[in-house]
Amino acid sequence: MDLSLTEEQSLIQDMARKFAQTELAPVAAELDKTGNREILLKHLKQLAELGFMGLNISAEYGGSEAGVVAFSLAITEVARGCASTAVTMSVTNMVAEVIQTLANDEQKQKYLPRLCSGEYPAGGFCLSEAGAGSDPAGMKTRAVKDGDQWVLNGTKMWISSAEYAGVFVVWAVTDPDAKKGRGISCFLVEAGTPGMTIGKAEEKMGQHASSTNCVIFEDCRIPAGALMGKLNDGFRIAVAELAGGRIGIGSLALGVGLAAMDYARQYTTEREQFGASISSLQGPQWMMADAYTELEAARLLLMSAADQKQKGLPFSKQAAMAKLYASEKANQACYTALQLMGGIGYTRECPLERHARDVRITSIYEGTSEIQRVIIARELLNEVSR
């Protein structure tokens with residue numbers, strides 16, 4: 001088993017690390033406080049110019065063709081600098097992959113270069129609804145054929161980057177009489193389409209610089225050519241792409257957890273108590289040992305899932321395991337880092353309170369920890385019956 005990175009993967013990891021250290025980390029606190037859109041959009045454009053908005057997209061459409069492992073590595077490094085920027089990058093890559101997987105060549109030629117180049121600052125993934133979060137098959141948004149158009153009606157919730165996304169991948173019920181999950185289709189909707197409204201940004205606990213909005217469709221007319229893939233077959237694709245998205249969110253969580261622990265580890269070497277640095281005490285040493293061991297285990301789970309996907313092998317179980325473990329251990333790592341730093345870590349003078357807020361959502365979005373356990377158990381039981 002060779003766990004070493006290729007030259008290209010190492011280069012991408014190094015590029016992402018340097019960008020996070022020089023561009024993202026110095027302004028992450030300001031972005032958290034102000035949500036400065038100008039700074040965020042500048043960073044997104046720079047990431048696109050580095051090739052990070054289409055890491056698993058064919059070069060034919062402007063992508064980097066670097067693969068899933070490189071995507072995971074890059075997301076982790078970017079998240080060490082700014083989680084808000086990392087989630088936008090992750091979702092945009094996921095939207096691009098949906099289009100590459102499902103769209104016809106005309107649709108790919110139209111939208112993928114715009115996403116990969118940064119002409120579109122981001123892409124929107126419109127699946128969740130108020131009554132269809134962990135159960136997306138229960139969505140109520142409808143698409144009705146009217147001549148050579150489709151008419152969309154419904155409301156999507158928790159849509160990342162909706163305020164500045166250039167194109168949205170939207171799932172809607174096209175056959176209300178079909179069995180649950182079987183009458184759903186997928187559409188491409190451009191920003192600014194009449195009948196589509198972006199709601200106000202949610203006031204979130206963390207990841208403040210990434211906008212999260214509802215997207216409302218009221219008699220929104222889109223051309224017949226906006227349909228992606230086969231009619232009534234969109235939900236299967238949504239499930240598959242969510243599995244890939246979990247690699248991104250797990251990688252994001254890992255990056256935040258590492259950033260928190262790295263900051264606290266440095267502090268323990270400088271902070272003195274009882275006549276010595278607290279890093280010389282066994283208690284803090286064990287806390288660090290446990291946290292870094294768990295984060296390394298998370299990294300290996302993520303690399304395994306990314307490698308499986310990259311090779312075209314089944315990866316749903318591996319992605320769920322990686323996302324579950326990485327998000328929960330990153331949450332623990334942020335709290336361990338706070339504990340190591342004591343009272344100073346609880347202040348905004350340090351980045352730990354931001355890391356703790358930013359990482360909390362990783363065990364909720366792209367499928368809660370509870371849903372990941374359901375997926376893992378289902379896959380395990382399916383293996384018994386094969």
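Student: What volume does the second largest cavity have in this predicted model, and which element gives the most to its lining?
Tutor: The second largest cavity holds about 40 Å³ of space. Its lining is made by A28, L31, D32, C82, A83, S84, Q207, H208, A209, R354 and D358. At least two residues each come from α2 (28-34), α5 and α10. With three residues, the element that gives the most is α2.

Student: How do the residues of that lining divide by class?
Tutor: The residues that line the second largest cavity include A28, L31 and C82, together with D32, R354 and D358. Their division is five nonpolar, three polar and three charged.

Student: Which element supplies the largest share of the lining of the largest cavity?
Tutor: The largest cavity has a volume of about 50 Å³. F71, S90, N93, M94, E97, E241, G244, G245 and K309 form its lining. The largest share is four residues, and it comes from α5.

Student: How are α5 and α7 oriented, roughly parallel or roughly antiparallel?
Tutor: Helix α5 covers residues 83-102 and helix α7 covers residues 234-270; their axes come within 10 Å and cross at roughly 155 degrees. Angles over 145 degrees count as roughly antiparallel. The two helices, α5 and α7, are therefore roughly antiparallel.

Student: Which residues of α7 does α5 meet, and what is the hand of the crossing?
Tutor: From α5, the residues in contact are A83, A86, V87, S90, M94, E97, V98, T101 and L102. On the α7 side they meet I237, E241, G245, G248, I249, L252 and V256. The residues of this contact divide into 10 nonpolar, four polar and two charged. As for the hand, the crossing of α5 past α7 is right-handed.

Student: What is the orientation of α1 to α4, roughly parallel or roughly antiparallel?
Tutor: Helix α1 (residues 7-24) packs on helix α4 (residues 68-81) at an angle of about 15 degrees, and the axes lie 8 Å apart. Angles under 35 degrees count as roughly parallel. That makes the orientation of α1 to α4 roughly parallel.

Student: How do the residues in the contact of α1 with α4 divide by class?
Tutor: In α1, Q9, I12, Q13, A16, R17, A20 and L24 take part, and in α4 their partners are V69, A70, L73, A74, E77, V78 and G81. By class they come to nine nonpolar, three polar and two charged.

Student: Which element gives the most to the lining of the largest pocket?
Tutor: The largest pocket contains about 1200 Å³ of space. Of its 44 lining residues, S128, I364, Y365, E366 and G367 lie nearest the centre. Elements giving two or more residues are α5, β3 (149-160), α7, α10 (352-360) and α11 (369-385). Seven residues, the most from any element, come from α7.

Student: Which helix gives the most to the lining of the second largest pocket?
Tutor: This pocket has a volume of about 350 Å³. It is lined by 16 residues, with D2, L3, M303, S304 and D307 closest to its centre. The lining has six nonpolar, six polar and four charged residues. Seven residues come from the helix that gives the most, α8 (residues 282-310).

Terms used. Residues numbered from 1 in each chain as written. Predicted model: local features only at pLDDT ≥ 70, side-chain atom pairs only at ≥ 80, totals over all residues. Heavy atoms only, no water. Axes fitted to C-alpha atoms, helices over the stretch in contact; angles between N-to-C directions. Parallel < 35°, antiparallel > 145°, perpendicular 65-115°, else oblique. Left-handed = near helix turned anticlockwise from the far one by under 90°. Contact = heavy atoms within 4.5 Å. Nonpolar A, V, L, I, M, F, W, Y, C, P; charged D, E, K, R; others polar. 1 Å grid on protein atoms, 1.4 Å probe; cavity = no way out; pocket = protein on both sides within 12 Å on 5 of 7 lines; lining within 4 Å. Points joined across faces, edges and corners; volume = space filled by probe spheres on them.
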